[in-house]
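Let's take a friendly walk through this structure, one region at a time. Please keep the sequence and the 3D view at hand as you read.

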Amino acid sequence: MKYVSLLLLLASCAASQKINEPIWVENDKQPIEEPSQYWSGLYWDGADKIVFRPLSRVWLFEVKHPAQNVNVLEEVPNSSWYTNRLALAPMSAERMAKGPCQSSINLKGPLIVKGGKVNGANPGFRVKDPATGSNYLLKFDSPDAEPYRATAADVIGSKIYWAAGFETPCNEVIYFDPKILVLGEGASKKDELGNKTPMSQSDISNALAGVSKNKEGLTRGSASLFIDGRPIGPFTYEGTRSDDPNDIIAHENRRELRGSRLLAAWTNHFDAREQNTLTSFIKDESGKGYVQHYIIDFGDIFGSQWEADQMSRRFGHGYYFDASQVVIDLISLGSIIRPWDLQKQYDEGRIFGYYNIESFIPQDWKAGYPNTAFNFMDEKDAFWMAKIISRFGDEHIEKLIEVGKIPNQVYNKYLSAMLRGRRDKIVNYYFRRTSPLDRLRVKEGVICVEDLLITGGFSESNDAFYRVSFDGKKWKNPTQVVEDGFCQEVSNLGRAFTLSAKVRRADQVQFAKEVQFRFRYDSKGLKLVQVKR
Amino acid sequence: MSVIKRVGILKKLSLITLCLTFVAGNASGEETSQEPQTPDIEKTEKAQSAKEKKATGDTDNSAWGSEKTSGFRLAIDPKLVPANPKVPSATNLERRVLRPPTLSAIDYAAWVPRVIFFPFHLVFEYGLRYPLGVVTIWTEKNDIIAKVIDFTSFDDGNASITPRFYLRSGTIPTIGLNFAWDNLFTEGNDYAIGADIGVERTLTLEAQTKIRFWDDAFIAKLGYQFHRRVDFQYYGKGSHTSDADQSGFFRQKHAGELNLSFLPNRLGIAATSDIGILDYRFDCTWREEEEDICGADGKAGTEDDLYDLDSLPFFNSGYQILRLRGHLFWESRDERPASGSGLRLDVFGQVGTSLNDKDVNFVRYGGEAAAFWDFYKQRVVGLRLRSEFAESISRSEIPFSELATLGGIETMRGFSFARFHGDSSLIATLDYRYPIWSFLDANLFFEVGNTFDAKLADFKFGGLRPSVGMSIKTVSSRYNSFDITLALGGHRFDDRFGVDGFNVGFGTNWGF
């Protein structure tokens with residue numbers, strides 16, 4: 001009995017004391033040997049994720065666990081995957097519009113064409129600017145169906161993901177005279193057979209023949225600056241890279257990748273698959289280096305339309321082939337009204353296809369095919385990303401749309417309205433599902449807690465009822481309800497205490513799940529040491 | 001006793017000491033075993049490159065919300081978080097998983113089914129997924145499909161060799177090759193030859209040329225076909241046939257035909273017609289000897305013949321005819337995504353006349369009227385009525401293989417292909433079609449129909465048979481689809497209730 005007491009005592013000692021300092025750096029940039037190239041197959045990746053992986057893994061009865069790269073404050077440390085930007089601090093609209101670009105892309109020419117893909121619906125070239133020595137990928141719109149959309153999407157998407165914390169290439173919309181494109185020595189193209197053949201000037205002319213132009217006859221495209229380091233293939237949304245010793249957290253357990261499901265839902269980045277990511281090896285002088293992770297291609301966002309309208313209608317609502325939906329529709333004899341049945345296109349947003357608000361259901365959003373990290377997203381991951389999305393203010397959205405340089409203000413207004421509306425849907429859903437109480441500010445004897453629904457402008461302050469509790473004791477009203485939440489006086493609570501808080505809105509029957517904030521006094525005063533959601 | 005007491009006090013002291021040590025250990029652990037704290041971050045910031053330092057200016061730490069309020073500070077200070085840190089080495093890698101998974105009861109419970117079903121995982125993972133992945137990735141990476149297409153095609157893809165397959169329930173599958181050369185001499189002039197083989201002497205040889213006009217809406221086609229199969233079935237003629245009457249026979253056909261078709265891209269009026277010379281031969285050979293039409297001995301004219309072969313006009317002698325056919329239809333519906341409501345009318349007819357002294361002269365004609373109601377987003381109810389008539393226009397009877405037929409993938413789908421033969425046929429179909437995927441619809445159907453004597457002379461409601469089932473159909477043109485069908489057929493209504501046919505069919509279907 002004594003030994004049991006001893007163990008209990010030790011356990012209680014440990015439980016009461018062991019709260020680590022918040023970790024803000026995931027030390028995953030240690031020098032390693034260069035990993036090998038990873039090649040990802042488009043068709044196999046789709047077939048595997050839709051059919052073969054589920055068939056094989058269903059027998060393992062996988063249990064989802066909370067994200068692992070999370071510190072005691074429920075935040076994500078900086079790493080080769082993620083940098084805290086909007087997650088922790090505000091950002092000006094101008095800075096957001098600049099995104100990952102150190103300076104504006106200004107291609108006056110001549111540009112040396114080094115190669116590229118000249119076949120297919122959306123041709124592209126690799127070019128070099130001899131003036132700066134920089135390499136770019138030029139991409140163009142499909143002008144008949146959706147002029148301006150793909151190039152604007154690629155640019156705006158890169159800024160959104162960057163501001164949210166991901167690394168993206170510097171993409172900008174450019175208008176240029178095709179005459180500045182000069183065929184480089186040894187320029188080659190890859191045909192449908194994968195064969196490299198020499199490029200000719202006519203390949204360039206043919207590829208540019210049908211692309212968007214402005215009134216002055218300048219060709220519209222998006223320029224994507226090559227990323228730093230040596231590209232070594234995409235990253236996967238599952239597992240780890242065996243030849244990268246820094247990569248020790250299974251990717252499906254990374255909060256930023258799980259939470260990026262909401263970013264994808266917001267922008268309808270249904271093509272969020274591994275081929276649209278990239279890793280590069282950043283070397284130091286010793287030849288060793290680390291792997292940096294990028295998300296790279298956003299050309300599908302904001303309502304990409306495929307030739308098969310029935311596919312375009314389903315983007316965001318189902319996988320390319322969604323066996324569960326097929327079976328349910330088959331059995332239910334078509335009696336279930338699906339979101340794609342209700343899809344509408346609007347003249348004022350014609351180029352944005354079915355990118356709309358009314359059919360958007362944030363919690364039901366799906367990528368083109370199963371993305372393991374997305375599917376592992378839990379409410380905590382979702383809240384974390386919804387918090388970031390809530391910080392894209394209207395002024396940020398307006399500025400982002402400006403960099404898309406769509407010359408039609410009707411389209412711009414439409415896109416702005418859709419981004420705002422979808423943002424609000426995401427935030428409202430996840431902030432109401434979990435507690436929106438966050439972002440504490442403290443001074444001696446007082447803790448103020450923000451209600452993110454109010455500070456984000458998603459709710460009125462007078463429709464919230466708050467309750468607080470110290471160290472699990474009786475719930476009571478907070479000391480003072482303020483404009484953006486509430487403040488609570490703290491006194492006579494010892495060196496460490498836990499403040500639990502919960503909120504109920506006027507239209508809710510029950511209080512949302514409580515959130516616990518653990519505080520401790522140190523030499524600098526009151527200190528938040530743990531958040532539990 | 002006092003010693004014991006002292007030991008007790010010592011124990012208590014040691015307990016307290018142990019607890020304090022443990023706490024201290026934890027406290028020190030906070031400082032030593034975890035990631036760099038503020039001082040380390042400061043060091044890190046100093047070590048950052050100029051570029052990385054620039055990146056720290058990404059956010060504006062000073063102006064967000066009401067933390068400006070006098071005296072307050074943010075509980076999470078963003079200034080403590082370095083942007084783009086590159087931390088020097090010598091940190092224990094194993095400690096960088098910030099939050100190791102905490103195992104719950106579900107984790108432990110999951111091991112029970114995991115162990116039980118692990119063999120299934122092994123089979124699917126290493127028997128299917130892994131090898132298929134290796135092969136598919138290799139194929140993709142090396143552009144094998146494109147290279148195969150390139151190897152089997154010429155003239156910038158105008159000419160190609162492609163495999164082809166024929167698969168239909170109840171029949172012998174065949175495999176073959178098709179060699180096509182489009183735009184060979186002039187634009188819009190295509191040529192093709194093909195051959196298919198199957199077991200039991202099954203063979204098809206084809207050659208054709210066609211000319212396409214008006215954006216392929218009008219096609220003139222000249223072709224020859226040799227067709228030999230041992231899987232044709234005959235259950236007798238008229239409305240009183242039974243599943244027990246099944247018999248089979250061999251058919252060989254030579255056909256030379258000129259076909260003209262007008263199928264505009266927009267639906268509306270369309271037509272096909274052909275003129276052909278055909279030669280038919282039949283014999284008793286069938287894939288199952290006991291059930292061939294000549295009985296177990298396989299010889300015609302013996303006592304065990306399943307049918308009086310003399311009553312099967314032209315079975316013994318075969319026939320050669322000149323045939324003229326036409327098919328005209330009108331479709332009021334537009335292609336998807338337009339509404340599926342509308343009407344369709346089909347009329348078709350053919351005339352056959354002997355090319356030699358055999359007295360073969362017949363006409364076949366009929367039509368179908370259909371109405372469709374799309375009550376919600378391609379959920380379509382359709383009602384169709386179809387009838388066909390076959391008549392001899394000479395003193396001889398019409399060849400048995402030119403009779404009106406029902407059964408297969410288009411009509412009376414609960415029964416096998418050409419299950420019913422008669423001088424006339426009548427069928428009414430109630431369909432419900434609804435989308436289940438971008439490229440697939442499901443189709444529930446209920447049909448009643450049968451073959452009858454000339455001009456439906458013996459028609460009565462009790463003489464009809466039901467057929468009910470479900471199809472999965474590709475979503476393509478309103479003209480046709482590829483179907484996979486599962487259906488049951490029943491006895492005549494005036495007969496006993498029960499199942500008389502079962503059909504699993506796949507192939508292209510016309511209409512609906």
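## Strand pairing around E17 of chain A

In this predicted model, A:Ala496 stands opposite A:Arg520, a residue of strand E17 of chain A. The two strands involved are E16 (residues 496–505) and E17 (residues 515–522), which pair in the antiparallel sense over 6 bridges.

On to the next neighbour: E17(A) is joined to E18(A) by 7 bridges, and these strands also run antiparallel. A:Asp522 has A:Gly525 in E18(A) as its bridge partner. E17(A) and E18(A) form a hairpin, with 2 residues between them.

## The four-stranded sheet

Four strands of chain A make up an open sheet with antiparallel pairing, in the order E13-E16-E17-E18. At the edges sit strand E13 (464–470) and strand E18 (525–532) of chain A, each of which pairs on one side only. On average, neighbouring strands of this sheet are turned by 25° against each other, direction ignored.

What joins E13(A) to strand E16 of chain A? The link consists of 7 bridges, and the two strands run antiparallel. In this pairing, A:Ala464 has A:Arg505 in E16(A) as its bridge partner.

## The three-stranded sheet

Chain A also has an open sheet of 3 strands, with antiparallel pairing and the order E8-E9-E10. Its edge strands are E8 (230–231) and E10 (289–295) of chain A, and each pairs on one side only.

E8(A) pairs with strand E9 (residues 277–283) of chain A in the antiparallel sense, over 2 bridges. Here the bridge partner of A:Arg230 is A:Phe281 in E9(A).

## Two domains in chain A

The domain assignment divides chain A into domain 1 (1–434) and domain 2 (437–532). The C-alpha centres of these two domains of chain A lie 35 Å apart. Where they meet, 12 residues of domain 1 of chain A are in contact with 13 residues of domain 2 of chain A.

Which helices of chain A each supply at least two residues of the domain 1 side of this contact? They are helix H10 (379–390) and helix H12 (409–433) of chain A. H12(A) gives the most to that side, with 5 residues. The residues on the domain 1 side divide into 5 nonpolar, 3 polar and 4 charged.

Helix H2 (residues 42–57) of chain A and helix H5 (residues 111–141) of chain B have axes that come within 10 Å and cross at roughly 175°. Angles over 145 degrees count as roughly antiparallel, and H2(A) and H5(B) are therefore roughly antiparallel to each other.

The residues of H2(A) in this contact include A:Tyr43, A:Trp44, A:Phe52 and A:Leu55. From H5(B), the residues they meet include B:Phe124, B:Leu128, B:Leu132 and B:Ile137. Charged residues take part too, among them A:Asp48 on H2(A) and B:Glu125, B:Arg129 and B:Glu140 on H5(B). In total, the residues of the contact of H2(A) with H5(B) divide into 10 nonpolar, 4 polar and 4 charged.

## Chain B as a whole

Chain B has 6 helices and 20 strands. Of the 512 residues in chain B, 25% are buried. Among the contacts in chain B with a separation of 6 or more, 55% are between residues 24 or more positions apart.

Note on methods:
Residues numbered from 1 in each chain as written. Chains lettered and ligands numbered in written order. Predicted model: local features only at pLDDT ≥ 70, side-chain atom pairs only at ≥ 80, totals over all residues. Pairing = 2+ DSSP bridges. Axes fitted to C-alpha atoms, helices over the stretch in contact; angles between N-to-C directions. Buried ≥ 20, exposed ≤ 12 C-beta atoms within 10 Å, placed from the backbone. Contact = placed C-beta atoms within 7 Å. Domains from an automatic or database assignment. Parallel < 35°, antiparallel > 145°, perpendicular 65-115°, else oblique.
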